[in-house]
Amino acid sequence: VKNVAGILEFQSEAKNSGDAEAKDLTLIGPLALDLSVKPEDVQVHYVSRGAYRKAQFAGCGEVCGGGWNAPQSAGWIAIENTKAKEILFLGVEWESYWKVELKPCECGVRLLCSLETGGQTLARRARLKSPRVFMGVSHGDVDDSLRVFHDHLRRIMPAPPKNFPWVSYDL
């Protein structure tokens, strides 16, 4: 976990330290956080296939990045505590193969973020890193959250090359 100007960055890694292949690796992670919030006070905001979505938390839910050449959701999720006007936002580095889940727990809501590998085989002595997950908290509304998130991305992303004719960042 790294802290960059108030934004936490998390990345997990699977490492096969054995002398044989590790078969059927299906999940790396998860990042797990217990949020002290009543489930009925949670709204989830995300972008799905180009459309903005807002959903009331209904006991369980997930937002997925999708698969190869079939993205489902952009790598931005905002979990809003509507009573406290606080938002925990997450940015996922990859377009696909990630999943963010919300489940009820004793203290409120459990957040899980993981990499779905689809049953990969990890060669002996090989490593596989998950996408980086960026997390931060903002106060106010979703727009305030996005401004904090974009400020962070501008700090960490390289500048596009001069006279570069294509879109550099798609969020």
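In which strand is D24 found? D24 is found in strand β4, where strands (E, at least two residues) and helices (H or I, at least four) are DSSP runs numbered from the N terminus. The structure is a predicted model, in which local features need pLDDT of at least 70 and side-chain atom pairs count only at pLDDT 80 or more, while totals for chains, interfaces and linings use all residues. Residues are numbered from 1 along each chain as its sequence is written, and side-chain values use heavy atoms, with hydrogens and water left out.

The protein chain contains 1 helix and 15 strands. Its radius of gyration is 17 Å, close to the 16 Å that the globule rule gives for 171 residues, so the chain is as compact as a globular protein of that length. This radius is taken over C-alpha atoms, and the globule rule is 2.2 Å times the number of residues to the power 0.38. The C-alpha trace spans about 50 × 50 × 30 Å along its principal axes. Of the contacts with a separation of 6 or more, 67% are between residues 24 or more positions apart; contact means heavy atoms within 4.5 Å.

The accessible surface of the chain is about 10,200 Å², and carbon and sulfur atoms hold 51% of that area. Accessible areas come from the Shrake-Rupley method with a 1.4 Å probe, and for residues only the protein chains shown count as cover. Buried residues make up 39% of the 171 residues. Here, buried means under 20% relative accessible area, exposed means over 50%, and partly exposed lies in between (1.4 Å probe, protein chains only). The chain carries 21 positive and 21 negative charges, whose mean positions are 4 Å apart. Lys and Arg count as positive and Asp and Glu as negative, whereas His and the chain ends are not counted; the place of a charge is NZ of Lys, CZ of Arg, CG of Asp or CD of Glu.

The interior was described in terms of nonpolar cores, each a set of buried Ala, Val, Leu, Ile, Met, Phe, Trp, Tyr and Cys residues joined through side-chain atoms within 4.5 Å. The largest such core has 22 residues, and I77, I79 and L111 have the most contacts inside it. At least two residues of this core come from each of β4 (22-35), β5 (42-48), β10 (73-81), β11 (86-92), β12 (98-105), β13 (108-122) and β15 (133-139). Not counting residues up to four places away in sequence, L111 touches L31, A32, L33, L35, I79, L88, L90, V100, E101 and L102. A second, separate core has 9 residues, including W76, A78, I87 and F149.

Several buried residues were examined one by one. S138 lies in strand β15 and is buried, with a relative accessible area of 4%. The C-alpha atoms of S138 and I87 are 5.3 Å apart, although 51 residues separate them along the chain. Beyond its neighbours within four places in sequence, S138 is in contact with K85, E86, I87, F89, D144, S145 and V148. V37, in the loop between β4 and β5, is buried at 10% relative accessibility. With neighbours within four places in sequence left aside, V37 is in contact with V42, N81, C107, G108 and V109. S12 is found in the loop between β2 (7-10) and β3 (13-15), and its relative accessible area of 12% makes S12 buried. Apart from neighbours within four places, S12 is in contact with I28, G29, L128, K129 and S130. G75, in strand β10, is also buried, at 13%.

Most residues other than glycine have a negative phi. D24 is not a glycine, yet has a positive phi of about 60 degrees; D24 is exposed, with a relative accessible area of 58%. Y97, also not a glycine, has a positive phi of about 70 degrees. Y97 is placed in the loop between β11 and β12 and is partly exposed, at 33% relative accessible area. W94 has its place in the loop between β11 and β12 and is partly exposed, at 32%. Leaving aside neighbours within four places in sequence, W94 is in contact with L115, K129, S130 and P131.
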